[in-house]
Amino acid sequence: MTSTKTGHSFGIDIGGSGIKGAEVDLNTGEFVGERLKIATPKQSTPEAVAKIVAQIVAEKEWSGPVGITLPSVVKEQKVLTAANIDKSWIGVDAQELFAQYLDQPFVVLNDADAAGLAEVAFGDEVARTGSVIFLTLGTGIGSAFLLDGQLFPNTELGHMMVGDAEAEHQASSAVKEREGLKYKQWVKRLNKVLAEYEKLFNPHAFIIGGGISRKWDKWGELVGIDTPVAPAQLRNRAGIVGAAMAAQQNLRP
Ligand code: BGC
């Protein structure tokens with residue numbers, strides 16, 4: 001196994017469709033070498049997913065600390081929710097689970113929290129200043145609350161009721177795909193969700209990440225709320241980079 005280089009760390013982002021890992025240079029926020037992606041197993045049980053996490057670490061010959069994200073509330077390393085992965089994750093002690101598969105120290109945290117931290121470190125100045133709500137739009141909607149770059153973890157805005165349904169059931173990018181919505185139709189829904197968040201939390205800015213933020217030029221100008229809304233800078237690198245940062249800092253939100 002290669003030894004860990006100073007300032008390098010390793011992040012793994014567990015999502016509904018893929019489990020992705022890479023070594024990260026924390027001086028730059030860039031990947032070192034290729035990112036490795038393995039499809040999330042259909043039955044995304046803790047054991048099946050943990051095996052893949054171990055496989056990624058082994059294939060990448062990484063022996064230092066690892067940060068792992070989950071699309072779940074992770075409080076004191078206990079997994080409390082499982083919206084877009086197998087329900088058997090609920091109640092799992094993440095330290096106990098991954099310790100059976102990994103030889104090195106690791107931390108586990110919510111995916112959107114990790115991505116938010118990465119934006120603070122390597123994204124736009126906007127992310128570091130004042131009260132900011134960072135959102136990831138993907139299979140679900142993830143959120144990270146940031147105050148001058150400090151994280152208030154496990155906020156779960158995707159599950160807030162907006163009208164008669166949860167926000168992520170109306171405006172995630174998965175919903176756009178599933179219902180074949182045009183950008184205009186989808187952003188109309190997103191605006192409704194953002195307006196509700198704005199009304200309740202009044203942040204200085206929203207930052208929007210997730211795969212769909214890469215197409216910002218196609219829909220950004222349709223976003224219409226009073227608060228400034230900016231696209232994330234790290235695109236789909238954010239989860240892995242944030243996980244790697246958490247590992248280095250031994251962060252356990
Ligand atoms: C989960 C969150 C997660 C988000 C994005 C939501 O369904 O409840 O924990 O951050 O999806 O993956």
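## Basis of the description

Residues are numbered from 1 along each chain as its sequence is written. The model is predicted, so local features need pLDDT of at least 70 and side-chain atom pairs count only at pLDDT 80 or more, while totals for chains, interfaces and linings use all residues; side-chain values use heavy atoms, with hydrogens and water left out.

## The sheet from β3 to β7

Five strands form an open sheet in the order β3-β2-β1-β4-β7, with mixed pairing (strands are DSSP runs of E, at least two residues, and helices runs of H or I, at least four, numbered from the N terminus; pairing requires at least two DSSP bridges). Because β3 and β7 (106-110) stand at the edges with a single partner strand each, one side of each has no neighbour in the sheet.

Strands β1 (residues 8-14) and β4 (residues 66-70) are parallel and share four bridges; Asp13 has Thr69 as its bridge partner in β4. Helix α1 packs on this sheet, touching β1, β2 (18-25), β3 and β4 (contact means heavy atoms within 4.5 Å).

## The sheet from β10 to β14

A further open sheet of five strands has the order β10-β9-β8-β13-β14, again with mixed pairing. Strands β8 (residues 131-137) and β9 (residues 141-147) run antiparallel and are joined by seven bridges. Val132 has Leu146 as its bridge partner in β9.

## Ser44

Ser44 lies in the loop between β3 (30-39) and α1 (46-59). Ser44 is buried, at 7% relative accessible area (buried means under 20%, exposed over 50%, partly exposed in between, with a 1.4 Å probe and protein chains only). Leaving aside residues up to four places away in sequence, Ser44 touches Val49, Ile85, Asp86 and Trp89.

Technical notes. Axes are lines fitted to C-alpha atoms, for helices over the stretch in contact, and angles run from 0 to 180 degrees between N-to-C directions.
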